[in-house]
Amino acid sequence: MQNSEIIVVGGAGKTGGRVASRLKERGIRSRLASRSTTRPFDWENQATWPAALKGATSAYVTFQPDLAVAWAADAIGALAKMAVDCGLRHIVLLSGRGEDGAERSEEMLKAAGIGYTILRASWFCQNFSEGAFRDSIASGELVLPAGEIEEPFTDADDIADAAVAALTDQRHLGKTYELTGPSALTFREAVSEIATATGRTIRYRKVSMDDFKVGLSSAELPAAMIDLLEELFGKVLDGRNSRVMNGVAEILGRPPKDFSQYARETAATGIWGT
């Protein structure tokens with residue numbers, strides 16, 4: 001497996017770029033597949049898939065915008081079947097915890113008859129620094145419809161390390177790992193950790209779902225993305241995923257990174273201001 005070419009579907013994402021960098025560091029042949037690569041890959045245009053997959057023997061797959069969307073499972077199933085036809089033997093799928101759509105996608109992957117490893121990850125720590133929350137944190141206030149439900153935020157570096165392990169070690173074939181951080185925090189507590197790490201005053205304010213959606217609409221966010229966020233905050237973030245799991249240690253043989261360590265390391269980069 002280590003001498004095979006690996007395709008990274010979604011290489012521009014939080015984990016895909018990290019996976020690609022780690023594979024390069026280890027001298028493992030790999031290439032990115034996204035709408036902007038030489039051989040473009042577009043989830044909404046299956047005609048782009050065969051050329052993007054050709055020549056690879058395994059793939060790390062992240063789905064955009066999220067496996068919670070209605071058409072995700074069908075897309076994952078179609079990709080897996082096409083991957084088999086193109087000669088791929090193994091797909092490592094980044095999945096989500098507690099999402100009905102993610103579970104359907106996992107089943108479609110398994111049904112395709114390809115070797116698989118599933119990484120079910122909790123919310124990323126990096127959502128606060130590389131995603132939708134970054135600007136709000138930098139401005140001094142994060143406003144979300146999330147109350148006192150705890151989430152064991154996972155560091156994207158841990159996910160990338162787990163993906164590389166799965167891609168390069170056949171012992172992980174046919175396995176599912178639930179990746180979480182070592183402790184669960186509310187969004188308010190996560191913001192407090194970031195405030196401590198930066199030495200700044202950063203507030204967290206909870207709003208109703210209706211007010212949240214009004215704010216998103218005012219910011220001209222697409223309706224499909226608003227629906228997705230309502231699904232994630234209104235349904236998935238209900239406590240079902242608060243339990244800390246041992247997946248990082250199972251696949252990597254070491255404990256996961258704690259949110260406070262992530263906050264300190266990220267604050268040192270200055271991305272949240274000083």
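## Terms and model

A residue is buried when its relative accessible area is under 20%, exposed when over 50%, and partly exposed in between (1.4 Å probe, protein chains only). Glutamate 220, at 71% relative accessibility, is therefore exposed.

This is a predicted model, in which local features need pLDDT of at least 70 and side-chain atom pairs count only at pLDDT 80 or more, while totals for chains, interfaces and linings use all residues. Residues are numbered from 1 along each chain as its sequence is written, and side-chain values use heavy atoms, with hydrogens and water left out.

Helices (H or I, at least four residues) and strands (E, at least two) are DSSP runs, numbered from the N terminus. Contact means heavy atoms within 4.5 Å.

## Nonpolar cores

In soluble globular proteins, nonpolar side chains tend to be buried together. Here a nonpolar core is a set of buried Ala, Val, Leu, Ile, Met, Phe, Trp, Tyr and Cys residues joined through side-chain atoms within 4.5 Å. The largest such core has 64 residues. Those with the most contacts inside it are Trp43, Phe128, Phe187, Phe233 and Phe259. Helix α3 (residues 72-85) gives the most to this core, with seven residues. A second, separate core has 24 residues, including Ala20, Ile28, Phe124 and Leu167.

Leaving aside neighbours within four places in sequence, phenylalanine 233 is in contact with Trp123, Phe133, Leu144, Pro145, Ala146, Phe187, Met209 and Phe212. Leucine 167, in the second core, lies in helix α6. Its relative accessible area is 0%, so leucine 167 is buried. Leucine 167 and isoleucine 226 are 59 residues apart in sequence and 34 Å apart in space, C-alpha to C-alpha.

## Aromatic pairs

Rings of Phe, Tyr and Trp (its six-membered ring) pair if their centres lie within 6.5 Å; planes under 30 degrees apart count as stacked, over 60 as edge-to-face and the rest as tilted. A search of the whole structure finds 18 aromatic pairs. One of them joins phenylalanine 153 and phenylalanine 187: the ring centres are 5.2 Å apart and the planes lie at 90 degrees, so the pair is edge-to-face. Phenylalanine 153 sits in the loop between β6 (141-144) and α6 (156-168), and phenylalanine 187 in helix α7 (residues 187-198), so the pair ties together parts 34 residues apart in sequence.

## Helix α7

α7 has twelve residues. From its first C-alpha to its last it reaches 17 Å, close to the 16 Å expected at 1.5 Å a residue (1.5 Å times one less than the number of residues). Its buried residues are Phe187, Ala190, Val191, Ile194, Ala195 and Thr198. Seen down the axis of α7, they fall within an arc of 145 degrees, so they line one face of the helix. The arc is that of the directions from the helix axis to the C-beta atoms. An α-helix has 3.6 residues a turn, so residues three or four places apart point the same way.

The buried residues of α7 pack against α5 (134-139), β6, β8 (203-206), α9 (223-236) and α11 (259-267). Glycine 199 follows α7, with a positive phi near 75 degrees.

## Helix α1

In helix α1 (residues 16-25), the buried residues are Gly16, Arg18, Val19, Ala20, Arg22 and Leu23. Their cover includes β1 (6-9), β2 (30-33), β3 (58-61) and α6. Glycine 27 follows α1, and its phi is positive, near 75 degrees.

## Loops and backbone

Most residues other than glycine have a negative phi, and most peptide bonds are trans. Glutamate 220 has a positive phi, near 60 degrees. Glutamate 220 lies in the loop between α8 (209-218) and α9. The peptide bond from glutamine 64 to proline 65 is cis, with omega near 5 degrees. Proline 65 lies in the loop between β3 and α3.

Serine 34 is in the loop between β2 and α2 (49-53). At 16% relative accessible area, serine 34 is buried. Beyond neighbours within four places in sequence, serine 34 is in contact with Arg39, Pro40 and Phe41.

## Cysteines

A disulfide is a pair of cysteine sulfur atoms within 2.5 Å. By this rule the count is zero. Cysteine 86 is partly exposed, at 27% relative accessible area. Cysteine 125 is buried, at 0% relative accessibility.
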